[in-house]
Amino acid sequence: MSTHGLTGGGEPLDVVVLGEVLLEVATDAPVAHGVPARLGVSGDALNVAAAAARAGARVGLAAVLTDDELGRAIADRVAELGVSTGMLRFRPGQQGVYLVHSDPEGERAFSYARAGSVGSSLSPEDLDEGAVGAAGAVVAGGIACAVSDSARRAVLTAARLARRFVFDPNHRPRLASREEGAATLAELARHAHLVTPSH
């Protein structure tokens, strides 16, 4: 078994999360030329991994980042959140980005630039199979399944390897049709220890 998916003490991780990490560009005003923005690192997979780490779990994140200064800065943020970077992969490509504007009432508007992102190139070959199989739980969502066929295959591979697979359908109509989302749920639910639908 690879040591990337182990803690410093050689123990399996409690949680492995798969998915795409995104650069967040947040504004308090509608996006336009000259509007001040804050940069952040986010995405559903990183949010789940960070929450699990904050709860005290030993967590690893399986994701692909750009092989440049931006990718290394994102990896540094992953580590700051208490998440192991041993399963991150780095390759040339475009970092996925989203812009979000929050109005005073808390309503948010999103705009994504993620088509063909390096994060969507996640594939079964990127997985540390030993770490995935040994983890207490493996978590993935419908977004990872919708960004590319290779990422969907990575999630399915992880689901088959996992002792406990947790699937969040997290359906996004911009990424997949209702029928595609239902088919993904039907395929992965049979491998899942827990399915966490939301509305």
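**Note on a predicted chain**

1. Asn 170 is buried, with a relative accessible area of 13%, where buried stands for under 20% relative accessible area with a 1.4 Å probe and protein chains only. This is a predicted model, in which local features need pLDDT of at least 70 and side-chain atom pairs count only at pLDDT 80 or more, while totals for chains, interfaces and linings use all residues. Residues are numbered from 1 along each chain as its sequence is written, and side-chain values use heavy atoms, with hydrogens and water left out.

2. Asn 170 sits in the loop between strand S10 (165–168) and helix H6 (178–189), helices being DSSP runs (H or I) of at least four residues and strands (E) of at least two, numbered from the N terminus. The phi of Asn 170 is near 40°, a positive value in a residue other than glycine. Most residues other than glycine have a negative phi.

3. Thr 66 belongs to strand S4 (residues 59–66) and, at 2% relative accessibility, also counts as buried. Leaving aside residues up to four places away in sequence, Thr 66 touches several residues, among them Phe 90, Gln 94 and Val 118, a contact being heavy atoms within 4.5 Å.

4. The side chain of Thr 66 has a polar atom 3.2 Å from the backbone nitrogen of Gly 71.

5. For the chain as a whole, the secondary structure comes to six helices and eleven strands, and buried residues make up 46% of the 199 residues. The C-alpha atoms fill a box of roughly 50 × 40 × 30 Å, taken along the principal axes.

Terms used. Buried < 20%, exposed > 50% of the residue type's maximum accessible area, 1.4 Å probe, protein only. Polar contact = N/O pair within 3.5 Å; in protein donor to acceptor, adjacent residues only side chain to side chain.
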